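Subject: Structure for your review

Hello,

Here is the structure we discussed, with the sequence alongside. My notes on what was found follow below.

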Amino acid sequence: MSQHIAEISWEKDTHTDDASTYSRNHVARFEGQQKLNISAGVEYKGDALCADPEQLLVTAAASCHMLFFLAIAEQQGFLPESYSDTPVGYLEKTDGGGLEVTLIKLYPKIVFSGEHQPGES
């Protein structure tokens, strides 16, 4: 088992474009001392200069997929030279009126080197 710890913090502040509501901006800190500015999506009064939680979820899914793929490729004797992806997540209303990420589509592009090349399937 492994633990994956992060910290988020928010402090009350007025929204920069709408004084009748609060700022959605907050900060995430990770074990490696990285700091990330986060807000709600722009559609939900968030800051366009910050990542939003749905982007982070989509990025995490794509990152996990990439690392799993690279491990399998190495075990199978393939030599990936590069891997890129432009994942897309879909946030949709539920029957109850809430919101949920219902689908994440991955679009990986991998370049291999060496004689051992994967076949098309």
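**Cysteines and the domain interface**

The structure holds 0 disulfides. Please keep in mind that this is a predicted model. Cys50 is buried, because its relative accessible area of 14% is under 20%. Cys64 is exposed, because its relative accessible area of 53% is over 50%.

On the domains: the domain assignment of the protein divides it into domain 1, covering 1-51, and domain 2, covering 53-114. Between the C-alpha centres of domain 1 and domain 2 the distance is 23 Å.

As for the contact between them, 7 residues of domain 1 touch 5 residues of domain 2. Together, domain 1 and domain 2 bury about 420 Å² between them, and carbon and sulfur atoms give 73% of that area. On the domain 1 side, 69% of the area buried against domain 2 is supplied by Ile38, Tyr44 and Ala51, more than by any other three residues.

Which kinds of residue make up the side of domain 1 that touches domain 2? This side has 6 nonpolar residues, 1 polar residue and no charged ones. The count of salt bridges between domain 1 and domain 2 is 0.

Regards

Conventions
Residues are numbered from 1 along each chain as its sequence is written. This is a predicted model: local features need pLDDT of at least 70, side-chain atom pairs count only at pLDDT 80 or more; totals for chains, interfaces and linings use all residues. Side-chain values use heavy atoms; hydrogens and water are left out. Domain bounds come from an automatic or database domain assignment. Contact means heavy atoms within 4.5 Å. Buried area is the accessible area (1.4 Å probe) that two parts lose on being put together, summed over both. A salt bridge is a side-chain nitrogen of Lys or Arg within 4 Å of a carboxyl oxygen of Asp or Glu. Ala, Val, Leu, Ile, Met, Phe, Trp, Tyr, Cys and Pro count as nonpolar, Asp, Glu, Lys and Arg as charged, and the others, Gly among them, as polar. A disulfide is a pair of cysteine sulfur atoms within 2.5 Å. Buried means under 20% relative accessible area, exposed over 50%, partly exposed in between (1.4 Å probe, protein chains only).
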